[in-house]
Each structure stands twice: as structure tokens, then as C-alpha cells.
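Biologist: I would like to go through some of the labels used for this structure and hear what each one rests on.

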Amino acid sequence: MTNFAELNTKKMSSTYTSNLRIEKAATSKLKDVNFENIAFGKTFTDHMFMCDFVNGEWQQPQIMPYQPMTMQPSARVFHYGQAVFEGMKAYKDDDGKVFLFRPEENFKRINKSSARLAMPEFPKDYFFEGLTTLLNLDKDWIKPGVGNSLYIRPFAIAIDPAIAAAPGESYRFMIICAPAKAYYKGTVKVLIAEQFSRSANGGVGYAKAAGNYAAQFYPTNLAQQKGYQQVIWTDADTHTFLEEAGTMNVFFRINDTLITAPTSDRILDGVTRKSLIQLAEDNNIKCEVRPIKVNEIVEASKNGSLKEIFGAGTAAVISPIEGFEYQDTYYELPEIGAHSYSSMLKERMLNIQHNLAEDKHHWRYEIK
Ligand SMILES: *Cc1c(COP(=O)(O)O)cnc(C)c1O
């Protein structure tokens, strides 16, 4: 087996010279956008970042107007799903300063995902120079105020026109950005998976691989037909351990203790998850990181000690769950409203992200 870690170090060792090419959009689409009524992920900013990997090297990185691109129908990404992505956000404070939240984590994670999909790692300098320049060009797209943000989608795909089932030789790394508003999806009821799995031991569950999402759509549709918005994934072997909620990490509160599963090759190491674990500690909330059984929360629900369940991820920060179905029984969570850990922790996170609170762990990263 090829040692990609080694290959990648070689690829990355070429000395970095700043040669980002910028082609500005002739006109901005900003004036046509109604920020009051914006559907998530359908409107994109004026520019995008792109860098190709050819002949064993990353080529000149470029920023250009957001536009369609052409590709051979034989491009490997279409046939074998060699694709990874990230999701991050930029926030603006009332002084117009723009911040990212722990972007280094996203950078490290996309390279971890790439390594698992046998794709070349992307150089750090290219990533941060590209991202910073892109955000400066499109910063008018970021509205200030809690609830507003710019969703940033870095991704990488195999583009060689060759349908041989082997890793590609040409890749494209891109960053596109979409303005986002806080959205209330209404209440979330979840179905605990008893048959389908999101990921398996030795698999790609820990990577943000595009195919992980495609594989979730069908079981999620079935859950929706039964009246549930999301699936809580359990371990593929026994379906007895709780792992993730939809495309988010998941936390349970029993009495006054939070519990979340340890990360593994099946569970994605979320930036929100690890930040919430730290914030819980900062606020003297006990948080246990340990495997958690379905039976444990069923019992806790029956005896009234199960207080909250919530998903954690960049898009919504925290998404409270109002009840779950397991083995044809529906368990409803108590209404604790303003006293919930989920609303308290969410507010703390948003305040740090929007430069409204002290940032003692140095999570904010100002775009200059
Ligand atoms: C992206 C993602 C998360 C959340 O990660 P964040 O870094 O907090 O956004 C959780 N689970 C899965 C499967 C994901 O793809």
C-alpha cells in the first residue's frame, strides 16, 4: 500500500511562494440578494478559490468569479466518489471585523479526510492565503449580528478523465461561500437506527467524505416518512451504542451530566463537539466522553433522568431534540426551555464566534 503520509510530505515540501492569481468579478451580485429570505446553500458570493494538482504538484492557486466549470464525463469523482469537503463559517462583529472559528481544525481535518481517500494533502499556506483573500474580496456578503454568517465550503475532487478504478492523479481543491441566516427548522424528532448504519469499523466515517452523505439520504428519507426529521446512528456491529445524530455529533444530558461518545474511525471529530466539551468544563458542567448505550437513555427517559438530547455541528451549533423513537416506542423529552444546557451553551458559543465574549481559548481567528 502506498504510504500517503510520506508521499504527501514530499509533495508539500516544495518551497512556498505566494503566487495567488486574482481575477475580480466585473460586477457584484450582492445587490440582487434578499438577505431576509435566503435559502441555505443556494446563493453564492462573487468569487471562488481554485487550485489544481497535476503531475504531482499543486499548481498556481487562483481566485476567480464564481462560475460553472466544465469537466470530462469520465472525471473520476463522478464514478468513484473521490471527494472530501469541509464546512466552516465566517462571522462579522458590529465594527465590521471578520472572524473564523478554529479554522486550523478544518484545515487539518480536510487533509485527514484526503489522506483516507488517497488524495493529496493541500498546503497550509495556500489554504490560508486563499481563504483570507477570498473573504476580504467578499466580506460585504457577511452581515453583522448573531444569526448571520457566511458558510464556507472547501472541497477537493478527483478530476482526471479516466475511469480506471484507482486513485486519480489530478485533483482540484476549491472554496465556495454562501451567506447563511440562523434557521429554525422547528422541532426535531429522531429515529434511532436499528438496521441502517452511517459508518463501520475501518471505514470512512471519521472523514468528511462526500459519499457518507449520499449513503445517509435514503435511511433519512425513510425516517422522514415516519415523521422523524433525523436518524440517530448507532454502531454498525450491534446497533446498541449511540454515535451521531444525522450529520452532527450528539450529546445526552442525564440529570446534570452531559455525555457524548468518544471519537473513533466511525465518528467524526467535530469542532463544535470538542468546543462544547471545553465550554461545559469552563461552566462547571460535568461532561463524560464515553460509549453510551441506547438502553441507558431509554431507561433514563423512563425514570425521568434524561433531560436533553442535542446535535452539535457548525451549521446550527446546537440542534435540540424533542424526542426519539426506538423499537416502535416514542420517548418524549421534558420541556426545560430556558434552563437547558443546549440554550446556554449555544449562546456562549455564538457570543465567542461573534466577538461578543472573551475568547480565552483563542478560538477566534481574525481575517485581516
Ligand atoms: C461535519 C460533521 C460533524 C460536525 O462537525 P463540526 O466540525 O462541528 O461542524 C459531525 N458529524 C458529521 C458526520 C459531520 O460530517
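Modeller: A residue is called buried when its relative accessible area is under 20%. Bear in mind that this is a predicted model.

Biologist: Why is T260 called buried?

Modeller: The relative accessibility of T260 is 2%. The limit for buried is under 20%, so T260 counts as buried. T260 sits in strand 14, residues 257–260.

Biologist: Which backbone nitrogens does the side chain of E308 reach?

Modeller: A polar atom of the E308 side chain lies 2.7 Å from the backbone nitrogen of Y341, and the E308 side chain reaches the backbone nitrogen of S342 at 2.9 Å. The residues touching E308, beyond four places away in sequence, include F251, F252, R253 and L333. E322 is 14 residues from E308 in sequence, and their C-alpha atoms are 7.9 Å apart.

Biologist: Why is helix 3 called oblique to helix 4?

Modeller: The axes of helix 3 (residues 103–116) and helix 4 (residues 124–137) come within 11 Å and cross at roughly 130°. Roughly perpendicular ends at 115 degrees and roughly antiparallel begins over 145, so helix 3 is oblique to helix 4. The crossing is right-handed.

Biologist: Which residues meet where helix 3 and helix 4 touch?

Modeller: P103, E104 and F107 of helix 3 meet K124, F127 and F128 of helix 4. By class, these residues are 4 nonpolar, no polar and 2 charged.

Biologist: What makes F127 buried?

Modeller: F127, in helix 4, has a relative accessibility of 1%. The cut-off is under 20%, so F127 counts as buried. Among the residues F127 touches are M88, F122, P154 and I175. F173, another contact of F127, is 46 residues away in sequence and 9.3 Å away, C-alpha to C-alpha.

Key:
Residues are numbered from 1 along each chain as its sequence is written. This is a predicted model: local features need pLDDT of at least 70, side-chain atom pairs count only at pLDDT 80 or more; totals for chains, interfaces and linings use all residues. Side-chain values use heavy atoms; hydrogens and water are left out. Axes are lines fitted to C-alpha atoms, for helices over the stretch in contact, and angles run from 0 to 180 degrees between N-to-C directions. Helices (H or I, at least four residues) and strands (E, at least two) are DSSP runs, numbered from the N terminus. Angles under 35 degrees count as roughly parallel, over 145 as roughly antiparallel, 65 to 115 as roughly perpendicular and the rest as oblique. A crossing is left-handed if the near helix is turned anticlockwise from the far one by less than a right angle, and right-handed if clockwise. Contact means heavy atoms within 4.5 Å. Ala, Val, Leu, Ile, Met, Phe, Trp, Tyr, Cys and Pro count as nonpolar, Asp, Glu, Lys and Arg as charged, and the others, Gly among them, as polar. A polar contact is a pair of N or O atoms within 3.5 Å; within protein, one must be able to donate a hydrogen and the other to accept it, and residues adjacent in sequence count only if both atoms are side-chain atoms. Buried means under 20% relative accessible area, exposed over 50%, partly exposed in between (1.4 Å probe, protein chains only).
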